[in-house]
Amino acid sequence: IGDVTVEDTLRMIRTLVVQRGCKIIVLDHTTYLTDGVENQNQAAQTLMKGLKDIMHRHKVSIFYITHLRKSKSSSDTHEEGARVKLDDFAGGKAVVQYATAVIGLERDMHNEDEEVAEITKMRLLKRRGMGVKPGESVIDMKFSLDCNKLYPADCIAPVNSFKDIPF
C-alpha cells in the first residue's frame, strides 16, 4: 500500500461514499497507517474521529476490524479462549472510544474437546444507546466450511442473514 496516510484513507472513503454510493465500508486492520508515525495514538484518534464523522454525515455503516493485543499472561491467551475486553483491542483507546459498537470474538482453538474448539463466542462489548451491560450479550457461533458462514451454534444449519442473529 506504500505511504498511505490517515488523511489519504479518509479521503478515499469519502470518495467511495459520495461519488460511488457505497453504504458499507470495511477496513480490515490499518496498522500500516500508523506504522512509523511519530504519535500513533494521535493518528488513531484522527482516523476514528474521521470515520465517525463520515458515518454520521453520510448515514453509512463502517466496520473497522482490528487485532487483539498479545496477552501479558501466557496462561490467559485469546487463542486459548480468554475473554476479550475493550482494553484488548490494538490501536489505542481511540479505537473503542469512538466506536458505536464493539464486538469481540473468542475461541479456545487449542482445546482438546473438538466441540469446544469449534465454538467462536461473539461478545457484544459496547453498543451505544442499547442499555446492554458490556459483555452481557454472547452468542456461541460455529463456522460452516460448506457455505463459508458463521452461524449460531444452536442452529442445525447456517442462518441466511444477520437479521436472524439476536443482537
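Contact here means heavy atoms within 4.5 Å. By that criterion, residues 24 or more positions apart account for 45% of the contacts in the protein with a separation of 6 or more.

The model is predicted, so local features need pLDDT of at least 70 and side-chain atom pairs count only at pLDDT 80 or more, whereas totals for chains, interfaces and linings use all residues. Residues are numbered from 1 along each chain as its sequence is written, and side-chain values use heavy atoms, with hydrogens and water left out.

The protein has 5 helices and 6 strands, taken as DSSP runs numbered from the N terminus (helices H or I, at least four residues; strands E, at least two). Their order from the N terminus is α-β-α-α-β-α-β-α-β-β-β.

Of the 167 residues, 34% count as buried, that is, under 20% relative accessible area with a 1.4 Å probe and protein chains only. The accessible surface, from the Shrake-Rupley method with a 1.4 Å probe, is about 11,300 Å², and carbon and sulfur atoms hold 51% of this area.

A nonpolar core is a set of buried Ala, Val, Leu, Ile, Met, Phe, Trp, Tyr and Cys residues joined through side-chain atoms within 4.5 Å. The largest such core has 18 residues, and Ile 13, Leu 51 and Ile 54 have the most contacts inside it.

Beyond its neighbours within four places in sequence, Ile 54 is in contact with Leu 10, Ile 13, Arg 14, Val 17, Lys 59, Val 60 and Ile 62.

Terms used:
Buried < 20%, exposed > 50% of the residue type's maximum accessible area, 1.4 Å probe, protein only.
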